[in-house]
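Visitor: I am new to reading protein structures. Could you walk me through one, feature by feature?
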Amino acid sequence: MGVTGGTWPTGRAALVCALVCAALGVTLLVGRRRGGTPEDVKPPRPGRSSLVAAAVVWVLALLAGGIWALAPGDDGPGDTEAAGKAPAKPSLDPRPAVAWTVPPAGRAGDESVGFWGLGSAVAQGRIDGLFAYDGADGHVRWSVPAPTREALCAMTPDTEEGVGLIAYGRHDKPCATLLAVRTSDGRVLWKRTLGGEGLVEGALGVGGTTAVSAEDGAVRARSTESGEQRWQRAVPQGCETLAVDADATRTLLAEQCGKGARLLALDTRTGRQQWTRALPVESDARAAVVSVSPVVLAVDEADTRGTSAFLGFDDTGAPTVTVPLSGPEGVLSAPESVAHDDSLRPVVRDGLLVTLAQRESLVADNVVAYSLKDGRRAWSYHAENQTMALTAEPDGGLGVLEYSGSGRIVLLDGTTGKPGTRIAPDTGKRAAISIYPELVPVPGGHVVLNQILMHAEPAAYALR
């Protein structure tokens, strides 16, 4: 690749440059980690956390020093460590191209709330509302714009029975206006104004036709079709809700009570308690539900010698596996409410927990799968570039978004981790990738969602 006005370093020299710049950025991040100061407490959405600000500075440093080291011309095949088998030779897609882009929306530093994969469409929760992009051409199928001076501040991690929930809030006010949205056409089925402090961050889920949320001192369940309350469970005195999620039959609720914590399973339809399990926690903790069935929870304690791990449980609440967030495979990526550095939705499928890991770099550069039977590593895939997003593919495989110039997708076998097809932007039309992107499969390709706006990157683009 030619550069006007001089020659940029390439190969090992460029990589060293990248790591030096990244180290400077990591210093900023370390200074932001939890240490008992007010800066370490995440403000409620739609405000901005100090972690996001530090991450932006970090990535700017990485891009300045290492973008040419990660350019497509330096790419080579990744390797795999699955059961000692030789890596598969990648097959290059003969038609890689950026099919369409959605123009950037908002201001630098704006952070999206989440997304839903809707089959042939993708819904992105931006601060200015919920927008569904057609997977074929990127046009907006429907939208639910945020009211004047309000921002989208929460949404369910997924949808059920064609309905998902979102919430709005004003600046420095609670996230307290809850709406149910029909995903086929964007119709708002109902709206509720919540009392007290509004929604607890990370505590909104939908299972079957029931929406479950932690709000105003209670966990409440409502019909996704009518908004009618079905049941509620008061948060015990001296306790606080850490995380909530649900499927059609089970609701998981993580609570902190004093210096201890527990995980409860409730019947999603009735609210009846199915079981409870004390968590290995003896200090203030953060938690996120990774999977409702099978049960997987991510936990991180304030005590540096405390629990910081993915925890697995069986259908009776008995512990099954513990996978430390930092271990032989490096630092593992976890959901945002728990992660120290990179945040990610891990994939749970076919008895495996799959996530990204920082092992040979200051950024995530590996994909690692762990068995949910015994907690051992099942396989790992090493990438030469930064790994930025992970998704479950419809065919049972996995898609990995790597930073390679403008980002490329590598398709992995879900059982072995062997790499197959690679999909990269064509040289005639490149699209910028931001930090914390999301990757969503659509028929015939993938959509990349830029969840944080840095330098006028597109809100979304498609790769085929």
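Guide: Happy to! Let's start with a term: buried means under 20% relative accessible area, exposed over 50%, and partly exposed in between, with a 1.4 Å probe and protein chains only. At 0% relative accessibility, Glu 255 therefore counts as buried. One caution is that this is a predicted model, where local features need pLDDT of at least 70 and side-chain atom pairs pLDDT 80 or more, while totals for chains, interfaces and linings use all residues. Residues are numbered from 1 along each chain as its sequence is written, and side-chain values use heavy atoms, leaving out hydrogens and water.

Visitor: Which side chain makes a polar contact with that of Glu 255?
Guide: A polar contact is a pair of N or O atoms within 3.5 Å; within protein, one must be able to donate a hydrogen and the other to accept it, and residues adjacent in sequence count only if both atoms are side-chain atoms. Here the partner is Arg 233, at 2.6 Å. Contact in general means heavy atoms within 4.5 Å. Leaving aside residues up to four places away in sequence, Glu 255 touches several residues, including Val 235, Leu 242 and Arg 262.

Visitor: How many helices and strands does the protein chain have?
Guide: Helices (H or I, at least four residues) and strands (E, at least two) are DSSP runs, numbered from the N terminus. The protein chain has two helices and 35 strands. Glu 255 belongs to strand 16, residues 250-257.

Visitor: Why is strand 34 described as largely enclosed?
Guide: Six of the six residues of strand 34 (residues 445-450) are buried, so the rest of the structure largely encloses it. In a regular strand the side chains alternate between the two faces of the sheet. In strand 34, Gly 445, Val 447 and Leu 449 point one way, and His 446, Val 448 and Asn 450 the other.

Visitor: Which strands are joined to strand 34 by bridges?
Guide: Two strands pair if DSSP finds at least two bridges between them. Strand 33 (residues 437-442) runs antiparallel to strand 34, with six bridges, and Val 442 has Gly 445 as its bridge partner. Strand 35 (residues 460-463) is also antiparallel to strand 34, with four bridges; there, Ala 462 stands opposite Val 447.

Visitor: What is the strand order in the open sheet of four strands?
Guide: The order is 19-20-21-22, with antiparallel pairing. Strand 19 (285-291) and strand 22 (319-324) are the edge strands, each pairing on one side only.
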